[in-house]
Amino acid sequence: MAKRGKGRTAGQVAGVIEVPAGTKPNGPVEGVYYIDTGDCELVADPDNSNGWLLRINGVMSSHIDVAEPLFLDFEYMRWIAALVESKWPPESPPKLRALHLGGGACSLARYFHAAYPDARQVVVELDGKLAEYVRGWFDLPKAPLLRIRAGEAREVTEGLTPDTRDLIIRDVFAGAFTPRALTTREFNDHAQRVLTPGGLYVVNSGDAPDLKNAREDAATIADTFAHTMIIADPAMLKGRRYGNMIMAGSQEPFGNDPQLARKLLGGAVPAHIWNDAKVRAFAVGAQIRHDPPSETQGRTGS
(Lines give C-alpha, C1' and ligand atoms only; values in the text may rest on other atoms or scores of the structure.)
Protein backbone atom coordinates (compact mmCIF):
# COMPACT_ATOMS: atom_id res chain seq x y z
CA MET A 1 0.00 0.00 0.00
CA ALA A 2 1.67 3.20 -1.15
CA LYS A 3 0.78 6.80 -0.50
CA ARG A 4 2.36 9.63 -2.45
CA GLY A 5 4.42 12.03 -0.45
CA LYS A 6 2.50 15.12 -1.57
CA GLY A 7 -0.97 13.64 -1.74
CA ARG A 8 -1.33 14.22 -5.50
CA THR A 9 -3.58 12.27 -7.80
CA ALA A 10 -2.71 11.05 -11.28
CA GLY A 11 -4.81 11.67 -14.36
CA GLN A 12 -6.62 9.07 -16.41
CA VAL A 13 -4.49 6.52 -18.24
CA ALA A 14 -4.62 5.73 -21.93
CA GLY A 15 -5.98 2.46 -23.35
CA VAL A 16 -4.63 -1.06 -23.22
CA ILE A 17 -1.11 -1.45 -24.62
CA GLU A 18 -0.50 -4.73 -26.42
CA VAL A 19 3.11 -5.91 -26.22
CA PRO A 20 3.85 -8.68 -28.75
CA ALA A 21 4.96 -11.98 -27.26
CA GLY A 22 8.70 -12.31 -26.96
CA THR A 23 9.27 -8.55 -26.83
CA LYS A 24 9.37 -5.93 -24.11
CA PRO A 25 8.62 -2.20 -24.06
CA ASN A 26 11.29 0.20 -25.20
CA GLY A 27 10.76 2.88 -22.60
CA PRO A 28 7.63 3.92 -20.70
CA VAL A 29 4.36 4.43 -22.58
CA GLU A 30 1.24 5.49 -20.71
CA GLY A 31 -1.50 2.88 -20.65
CA VAL A 32 -2.83 -0.36 -19.21
CA TYR A 33 -0.77 -3.54 -19.50
CA TYR A 34 -1.87 -7.09 -18.85
CA ILE A 35 0.42 -8.94 -16.44
CA ASP A 36 0.46 -12.42 -14.91
CA THR A 37 -1.55 -11.38 -11.83
CA GLY A 38 -4.03 -9.03 -13.53
CA ASP A 39 -3.17 -5.66 -14.98
CA CYS A 40 -1.05 -2.63 -14.26
CA GLU A 41 -1.36 1.00 -15.29
CA LEU A 42 1.57 3.21 -16.20
CA VAL A 43 0.68 6.88 -15.72
CA ALA A 44 2.71 9.96 -16.58
CA ASP A 45 3.13 12.14 -13.48
CA PRO A 46 1.19 15.36 -14.18
CA ASP A 47 3.44 17.30 -11.78
CA ASN A 48 6.81 15.98 -12.96
CA SER A 49 7.75 15.71 -16.62
CA ASN A 50 10.28 12.99 -15.76
CA GLY A 51 7.98 11.07 -13.42
CA TRP A 52 5.95 7.89 -13.86
CA LEU A 53 3.43 6.25 -11.57
CA LEU A 54 2.67 2.55 -11.50
CA ARG A 55 -0.63 1.08 -10.31
CA ILE A 56 -0.96 -2.69 -9.92
CA ASN A 57 -4.49 -4.06 -9.99
CA GLY A 58 -5.83 -0.63 -9.14
CA VAL A 59 -3.50 -0.01 -6.18
CA MET A 60 -0.79 2.65 -6.32
CA SER A 61 2.55 0.85 -6.17
CA SER A 62 5.51 2.93 -7.31
CA HIS A 63 6.86 6.20 -8.61
CA ILE A 64 10.00 6.67 -10.68
CA ASP A 65 11.74 9.84 -11.82
CA VAL A 66 13.63 8.68 -14.91
CA ALA A 67 16.08 11.60 -14.67
CA GLU A 68 16.88 11.36 -10.95
CA PRO A 69 17.18 7.97 -9.23
CA LEU A 70 17.81 9.67 -5.88
CA PHE A 71 14.33 11.23 -5.91
CA LEU A 72 11.74 9.21 -4.01
CA ASP A 73 8.17 10.51 -4.22
CA PHE A 74 6.66 8.20 -1.60
CA GLU A 75 7.37 9.27 1.96
CA TYR A 76 7.69 5.75 3.36
CA MET A 77 10.45 5.02 0.85
CA ARG A 78 12.26 8.17 1.95
CA TRP A 79 12.05 6.95 5.54
CA ILE A 80 13.53 3.57 4.57
CA ALA A 81 16.33 5.27 2.63
CA ALA A 82 17.10 7.57 5.57
CA LEU A 83 17.29 4.62 7.97
CA VAL A 84 19.60 2.63 5.69
CA GLU A 85 21.85 5.63 5.09
CA SER A 86 22.03 6.25 8.83
CA LYS A 87 23.43 2.74 9.32
CA TRP A 88 25.65 2.74 6.21
CA PRO A 89 26.64 6.33 5.33
CA PRO A 90 26.97 6.75 1.53
CA GLU A 91 30.03 8.96 2.06
CA SER A 92 32.01 5.74 2.60
CA PRO A 93 29.71 3.32 0.77
CA PRO A 94 29.99 -0.38 1.59
CA LYS A 95 29.40 -3.13 -0.94
CA LEU A 96 25.87 -3.52 0.35
CA ARG A 97 24.02 -6.79 -0.30
CA ALA A 98 20.29 -6.15 -0.36
CA LEU A 99 17.21 -8.29 -0.85
CA HIS A 100 13.96 -6.57 -1.80
CA LEU A 101 10.81 -8.61 -1.24
CA GLY A 102 8.31 -6.95 -3.56
CA GLY A 103 9.41 -5.30 -6.74
CA GLY A 104 6.97 -2.85 -8.29
CA ALA A 105 9.01 -0.42 -10.36
CA CYS A 106 12.20 -1.11 -8.33
CA SER A 107 12.24 2.47 -7.03
CA LEU A 108 14.23 1.72 -3.87
CA ALA A 109 16.63 -0.65 -5.61
CA ARG A 110 17.33 2.05 -8.20
CA TYR A 111 17.86 4.57 -5.39
CA PHE A 112 20.29 2.35 -3.54
CA HIS A 113 22.25 1.69 -6.73
CA ALA A 114 22.77 5.45 -7.04
CA ALA A 115 23.66 5.82 -3.35
CA TYR A 116 25.81 2.65 -3.16
CA PRO A 117 27.25 2.01 -6.66
CA ASP A 118 28.91 -1.26 -5.64
CA ALA A 119 25.79 -2.71 -4.04
CA ARG A 120 24.54 -6.13 -5.14
CA GLN A 121 20.75 -6.27 -5.06
CA VAL A 122 18.09 -8.87 -5.75
CA VAL A 123 14.46 -7.87 -6.20
CA VAL A 124 11.91 -10.66 -5.77
CA GLU A 125 8.76 -10.00 -7.79
CA LEU A 126 5.88 -12.47 -7.91
CA ASP A 127 4.72 -11.29 -11.34
CA GLY A 128 7.23 -12.27 -14.02
CA LYS A 129 5.51 -10.26 -16.76
CA LEU A 130 5.58 -7.13 -14.61
CA ALA A 131 9.31 -7.65 -14.02
CA GLU A 132 9.86 -7.82 -17.79
CA TYR A 133 7.90 -4.62 -18.33
CA VAL A 134 9.76 -2.74 -15.61
CA ARG A 135 13.08 -3.68 -17.21
CA GLY A 136 11.77 -2.38 -20.52
CA TRP A 137 10.29 0.84 -19.16
CA PHE A 138 13.08 2.07 -16.94
CA ASP A 139 16.85 2.27 -17.09
CA LEU A 140 17.57 -0.17 -14.28
CA PRO A 141 21.06 -1.41 -13.39
CA LYS A 142 21.98 -4.70 -15.04
CA ALA A 143 22.97 -7.91 -13.28
CA PRO A 144 24.90 -8.56 -11.12
CA LEU A 145 24.26 -5.09 -9.68
CA LEU A 146 20.50 -5.60 -9.80
CA ARG A 147 18.78 -8.91 -10.45
CA ILE A 148 15.00 -9.20 -10.68
CA ARG A 149 13.95 -12.69 -9.69
CA ALA A 150 10.43 -13.84 -10.49
CA GLY A 151 9.12 -15.88 -7.59
CA GLU A 152 7.23 -16.02 -4.32
CA ALA A 153 8.98 -13.98 -1.64
CA ARG A 154 8.87 -16.54 1.15
CA GLU A 155 9.97 -19.44 -1.04
CA VAL A 156 12.92 -17.44 -2.36
CA THR A 157 13.94 -16.29 1.13
CA GLU A 158 13.82 -19.81 2.53
CA GLY A 159 16.17 -20.99 -0.21
CA LEU A 160 18.90 -18.40 0.39
CA THR A 161 22.25 -19.15 2.02
CA PRO A 162 22.70 -17.94 5.62
CA ASP A 163 24.59 -14.70 6.33
CA THR A 164 24.45 -13.48 2.72
CA ARG A 165 22.42 -10.24 2.99
CA ASP A 166 23.08 -7.02 4.87
CA LEU A 167 19.61 -5.63 4.22
CA ILE A 168 16.18 -7.18 3.65
CA ILE A 169 13.22 -4.95 2.80
CA ARG A 170 9.72 -6.44 2.93
CA ASP A 171 7.32 -4.36 0.86
CA VAL A 172 4.74 -6.89 -0.35
CA PHE A 173 1.01 -6.23 -0.40
CA ALA A 174 -2.10 -8.08 -1.47
CA GLY A 175 -4.60 -5.25 -1.27
CA ALA A 176 -4.12 -3.25 1.93
CA PHE A 177 -2.08 -5.81 3.85
CA THR A 178 0.99 -8.01 3.53
CA PRO A 179 0.26 -11.72 2.95
CA ARG A 180 0.28 -13.44 6.34
CA ALA A 181 2.95 -15.97 5.31
CA LEU A 182 5.42 -13.06 5.15
CA THR A 183 4.55 -11.75 8.61
CA THR A 184 4.99 -14.76 10.90
CA ARG A 185 7.66 -15.55 13.45
CA GLU A 186 8.78 -18.46 11.28
CA PHE A 187 9.28 -16.21 8.26
CA ASN A 188 11.14 -13.68 10.38
CA ASP A 189 13.43 -16.51 11.49
CA HIS A 190 14.27 -17.19 7.84
CA ALA A 191 14.99 -13.50 7.28
CA GLN A 192 17.22 -13.40 10.35
CA ARG A 193 19.08 -16.49 9.17
CA VAL A 194 19.78 -14.91 5.78
CA LEU A 195 21.00 -11.63 7.31
CA THR A 196 24.55 -11.04 8.46
CA PRO A 197 24.94 -10.59 12.24
CA GLY A 198 24.70 -6.80 11.91
CA GLY A 199 22.08 -6.92 9.18
CA LEU A 200 18.89 -4.90 8.99
CA TYR A 201 15.35 -6.19 8.43
CA VAL A 202 12.92 -3.47 7.32
CA VAL A 203 9.20 -3.85 6.68
CA ASN A 204 6.49 -1.58 5.30
CA SER A 205 3.51 -2.26 7.55
CA GLY A 206 0.19 -0.85 6.36
CA ASP A 207 -2.74 -0.49 8.70
CA ALA A 208 -6.08 1.04 9.56
CA PRO A 209 -6.60 3.41 12.53
CA ASP A 210 -7.17 0.52 14.94
CA LEU A 211 -3.46 -0.41 14.47
CA LYS A 212 -4.16 -4.10 15.11
CA ASN A 213 -2.03 -5.20 12.16
CA ALA A 214 0.81 -2.85 13.12
CA ARG A 215 0.83 -4.07 16.72
CA GLU A 216 1.00 -7.69 15.61
CA ASP A 217 3.76 -6.89 13.13
CA ALA A 218 5.68 -5.09 15.88
CA ALA A 219 5.15 -7.90 18.38
CA THR A 220 6.36 -10.53 15.91
CA ILE A 221 9.43 -8.55 14.88
CA ALA A 222 10.26 -7.79 18.52
CA ASP A 223 9.99 -11.49 19.33
CA THR A 224 12.56 -12.24 16.61
CA PHE A 225 15.09 -9.42 16.85
CA ALA A 226 16.92 -8.07 19.87
CA HIS A 227 16.52 -4.45 18.74
CA THR A 228 13.59 -2.76 17.01
CA MET A 229 12.50 0.61 15.69
CA ILE A 230 9.39 2.21 14.17
CA ILE A 231 9.30 5.25 11.89
CA ALA A 232 5.94 6.88 11.12
CA ASP A 233 4.17 10.22 11.16
CA PRO A 234 2.44 11.23 14.42
CA ALA A 235 -1.10 10.84 13.04
CA MET A 236 -0.37 7.23 12.11
CA LEU A 237 1.28 6.50 15.45
CA LYS A 238 -1.82 7.81 17.24
CA GLY A 239 -4.20 5.74 15.12
CA ARG A 240 -5.83 8.68 13.39
CA ARG A 241 -5.66 7.50 9.78
CA TYR A 242 -4.87 4.72 7.36
CA GLY A 243 -1.22 4.63 6.35
CA ASN A 244 2.21 3.09 6.62
CA MET A 245 4.64 2.41 9.43
CA ILE A 246 8.24 1.45 8.77
CA MET A 247 9.44 -1.16 11.23
CA ALA A 248 12.96 -2.48 11.56
CA GLY A 249 14.67 -5.27 13.42
CA SER A 250 18.33 -6.05 14.02
CA GLN A 251 20.49 -8.05 16.38
CA GLU A 252 22.64 -4.95 16.86
CA PRO A 253 21.51 -1.70 18.55
CA PHE A 254 20.34 1.06 16.22
CA GLY A 255 22.08 3.76 18.16
CA ASN A 256 20.80 7.31 18.51
CA ASP A 257 21.58 9.21 15.32
CA PRO A 258 20.42 12.84 15.69
CA GLN A 259 20.88 13.41 11.96
CA LEU A 260 18.36 10.66 11.21
CA ALA A 261 15.80 12.28 13.51
CA ARG A 262 16.33 15.68 11.90
CA LYS A 263 16.09 14.24 8.39
CA LEU A 264 12.82 12.48 9.16
CA LEU A 265 11.33 15.62 10.70
CA GLY A 266 12.35 17.69 7.68
CA GLY A 267 10.33 15.77 5.09
CA ALA A 268 7.05 16.78 3.46
CA VAL A 269 5.37 14.44 5.99
CA PRO A 270 7.43 14.74 9.20
CA ALA A 271 8.04 11.40 10.88
CA HIS A 272 8.97 10.37 14.41
CA ILE A 273 11.17 7.51 15.61
CA TRP A 274 10.10 5.06 18.26
CA ASN A 275 13.03 3.30 19.92
CA ASP A 276 13.04 -0.31 21.06
CA ALA A 277 11.38 0.42 24.40
CA LYS A 278 8.49 2.29 22.73
CA VAL A 279 8.06 -0.42 20.10
CA ARG A 280 7.82 -3.14 22.74
CA ALA A 281 5.38 -1.05 24.79
CA PHE A 282 3.27 -0.51 21.65
CA ALA A 283 3.24 -4.28 21.02
CA VAL A 284 2.26 -5.35 24.55
CA GLY A 285 -0.70 -7.73 24.40
CA ALA A 286 -0.60 -8.11 20.62
CA GLN A 287 -0.58 -11.56 19.07
CA ILE A 288 2.73 -12.93 17.82
CA ARG A 289 1.90 -14.43 14.45
CA HIS A 290 2.86 -18.02 13.67
CA ASP A 291 2.48 -20.31 10.69
CA PRO A 292 -0.44 -22.72 10.90
CA PRO A 293 0.76 -25.94 12.63
CA SER A 294 0.51 -28.03 9.47
CA GLU A 295 2.63 -25.55 7.50
CA THR A 296 5.19 -25.29 10.29
CA GLN A 297 5.58 -29.06 10.43
CA GLY A 298 5.82 -29.30 6.67
CA ARG A 299 8.48 -26.61 6.40
CA THR A 300 10.46 -28.02 9.30
CA GLY A 301 10.56 -31.41 7.65
CA SER A 302 11.55 -30.11 4.20
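Glu85 sits in helix α1, residues 75-87; helices are DSSP runs of H or I with at least four residues, strands are E runs of at least two, both numbered from the N terminus. The model is predicted: local features need pLDDT of at least 70, side-chain atom pairs count only at pLDDT 80 or more, and totals for chains, interfaces and linings use all residues. Residues are numbered from 1 along each chain as its sequence is written, and side-chain values use heavy atoms, leaving out hydrogens and water.

**Glu85**
- Glu85 counts as buried because its relative accessibility is 13%; buried means under 20% relative accessible area (1.4 Å probe, protein chains only).
- Beyond residues up to four places away in sequence, Glu85 touches Pro90, Tyr111, Ala115, Tyr116 and Lys263 (contact: heavy atoms within 4.5 Å).

**Sheet**
- Four strands form an open sheet in the order β1-β2-β3-β4, with antiparallel pairing; strands pair if DSSP finds at least two bridges between them.
- β1 and β4 (59-65) are the edge strands, each pairing on one side only.
- β1 (residues 31-35) is mostly covered, with four of its five residues buried.

**Strand pairs**
- β1 and β2 (residues 38-44) run antiparallel, joined by five bridges.
- Two residues separate β1 and β2 in a hairpin.
- Tyr34 stands opposite Asp39 in β2.
- Five bridges also link β2 to β3 (residues 51-56), again antiparallel.
- Ala44 has Trp52 in β3 as its bridge partner.

Key
Buried < 20%, exposed > 50% of the residue type's maximum accessible area, 1.4 Å probe, protein only.
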